[in-house]
Amino acid sequence: MRAIIAIALNDLRLLARDKAAVFFTLGFPVLFALFFTMAMRGMSGGGGAAMDIAVMDLDKSVPSAALVGDMQTDSSLKVVTPEGLEEGRALVRRGKVAALVIVPQGFGEQMGGLFAGQTMKLEAEVDPSRQAEAGLLTGKLNQLAFKQMSSAFTDPGQMDRAVENARKMLAGSVNEDTPQGKAFGGFYDSLGGLSRELSRIQAEEKGEPGVTAGGGGFSPVVVEIRSLSRGDKKEPATTSDIAFPQGMAWGLMSCVVGFASSFAAERRRGTLVRLTTSPLSRATLLGGKVLGGFVACVVVMGLLIVGAMVMGTRVANWPFLVAIVLCAAAGFVGFSLALAAFARTEEGAGGIGRAVPMVLAMIGGGTIPLAFMPETFRRVSDISPFKWAIYGVEGAIWRGLTPGEFVLPCGILLGLGLVSFAVGVRRLSWTD
Amino acid sequence: MLELVEVKKSFGPRVAVDGVSLSVKTGEVFGLLGPNGAGKSTTIGMCIGVLRPDAGSVRVGAGGLSPERPEVRRQLGVAPQSLAVYDELTGRENLAYFGTLQGLSGADLRERVARTLESVGLSDRANDRVAGYSGGMKRRLNLAAALVHGPGLVLLDEPTAGVDPQSRNSILDMVRRLASGGTTVLYTTHYMEEAEKVCDRVGIIDNGRLLALGTVDELVGRFGGESVVRIRRAAGRGESDADGAGSGVTTIRTAQPIRELERELATGTVASVTIDRPDLEAVFLSLTGRSLRD
């Protein structure tokens, strides 16, 4: 045990004597994690940038103008109106906007044919590199279009016009003496009655604000979204609570990269021969190396926790957080040592130490949220220690995991560390 | 103390050590003399267990055990040809760390570190970082790291490579003191002067093969050829060389230079005498057809 501690202390002393190494092992991970946390806050919905889109209204009708107006006033969209379609397409091609939304000719009429089964159609030409935003845009346009539809049920004049259009379309396609024709006729009569009733109510309530095409209180479906409360605290998670775990995983990775090249550095210095000709076992030597890396990782994560709390993160369960920090540090350091076993030079070890964790971070949701990833990535994410580190930290901060649920991420990370350590012991080449 | 039996080691198609057998007695300084690339460092590597022989065996200590065993490694001290110290640490920190790896601790560790630094002449620079040491000082620290735990067998691989003459003499003195204290030393070098100065026995190695083994006198006597005695007589004698060249200097090649000198002294006035005895350079030349420094 004395030798393991001596090796660890020696590594930490060597680290402390190299200012650049101190920055990249301790300081940079903290900065990187905080930067990542701030960047991810946008994706989580806290102060993120609005989506840039261009909009062309080719219909120039009252309904289309109202729809464009709704887009311009929506806080999640930043709308520019180009002079023409080609200018709009150029904006997309140059990456200035995510999509060109086109309100085609006939949009207003389509809205008028709402009760005749006509579909309102919008078009969008999207930047192919921003497909995720295209998905968000589709949802937003549906929401705004539906808002326009709802006005048909609250604006008597609009309803009358829609009903009249529908009757004309029906007359051209269905015989009104048939059961089907009579059914639709009755339906339109009911709508006409509703319209007259709405007009009467609005006339009686003079001075009350009328229902406009852009407003209205009727909505057949209302979706109430609530964030999962934080354990027993009955409060929603903040954006820092959500973004910090990913930032922490990145900080951890930055810290272990340095220790992946520890053995290669000993080989370069020539001191590896002194380690290997000592009476210490291979496991003891590696244990000392792992301990040094572990201590450095715990220090980094401690600094990250302090930084995160300054940014507003609130920890729901401190014992769990301490446990997952220790398990994640053990897992990542053991893993980096296994990677180091496959490199003979510092450059090789550094390259492997960066490349492999980078891939694991991607498939583990450490870069793009898993929700945006292809199904294949989501299926294999279970093999990524990033996923479990993030999940465990989330569990301690806002997911409110039970002790039984918490055992899984801790166990996986500890198991990864132990297995990786065993691989390193077996694989590490002592010879020049 | 150390025995190698027909050890062989290859790296791919290149045979680095080809059937070397030797034994080093306890308390002896054994020199392995050969040019660069002869197989000296590979032999050292097998003796300390970092390289595994492809064939043959290496046995260390009274028990004749493999150098890979921890109890054997405690008896070994190695000063590799490439410096093996931490530039970022001080001399004292280096020795304390290496001593800890060897199982030392507490007051015993501190005392051994201080004594070892004193023995290699680095006490006054003990608390300075190694990065600021001269090449000779780093070599001495490299040697000290091999000695701090008091091993019974010390393996020194070209310990004076690249050092100044003062540091070289200091290291050679250190080796002689070790031997006089009972420590066994395996010393590799390509400098014949060092082998002649400090080694009790020398093995000549080239291209992975041990060509000859014995004391310096034995090797010179067997392979070094004859001594050359040059006698300059007093002026006026007009003596010629033994071969009749008439230069005033008599040159005699003989295996018994002292007897020849006595004979010449008896025949006339001798103004000056030089005797060039064969050395290990001549031995190597005789064995390989090449100079040590080719």
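Into which domains is chain B divided? I began with this question, bearing in mind that the model is predicted.

**Entry 1: domains of chain B.** I found that chain B has domain 1, residues 2-221, and domain 2, residues 226-277. I then looked up the separation of the two domains of chain B, and their centres, taken over C-alpha atoms, are 44 Å apart.

**Entry 2: two helices in chain B.** I next turned to helix α3 (residues 91-101) and helix α5 (residues 135-147) of chain B, whose axes lie 9 Å apart at an angle of about 25°. Because angles under 35 degrees count as roughly parallel, α3(B) is roughly parallel to α5(B). I noted that the crossing of α3(B) past α5(B) is right-handed.

Which residues of α3(B) meet α5(B)? I listed Gly91(B), Asn94(B), Leu95(B) and Phe98(B) from α3(B). Their partners in α5(B) are Leu141(B), Ala144(B) and Ala145(B). By class, the residues of this contact of α3(B) with α5(B) are five nonpolar and two polar, with no charged residue.

**Entry 3: contact between the chains.** How many residues does the contact take from chain A and from chain B? I recorded 21 residues from chain A and 25 residues from chain B. On the side of chain A that touches chain B, α1 (2-16) and α11 (272-276) of chain A each supply at least two residues. The most comes from α1(A), which gives six residues to that side. I also noted the classes on the side of chain A that touches chain B: eight residues are nonpolar, seven are polar and six are charged.

Methods:
Residues are numbered from 1 along each chain as its sequence is written. Chains are lettered from A and ligands numbered from 1 in the order in which they are written. This is a predicted model: local features need pLDDT of at least 70, side-chain atom pairs count only at pLDDT 80 or more; totals for chains, interfaces and linings use all residues. Domain bounds come from an automatic or database domain assignment. Two residues are in contact if their C-beta atoms, placed from the backbone, lie within 7 Å. Helices (H or I, at least four residues) and strands (E, at least two) are DSSP runs, numbered from the N terminus. Ala, Val, Leu, Ile, Met, Phe, Trp, Tyr, Cys and Pro count as nonpolar, Asp, Glu, Lys and Arg as charged, and the others, Gly among them, as polar. Axes are lines fitted to C-alpha atoms, for helices over the stretch in contact, and angles run from 0 to 180 degrees between N-to-C directions. Angles under 35 degrees count as roughly parallel, over 145 as roughly antiparallel, 65 to 115 as roughly perpendicular and the rest as oblique. A crossing is left-handed if the near helix is turned anticlockwise from the far one by less than a right angle, and right-handed if clockwise.
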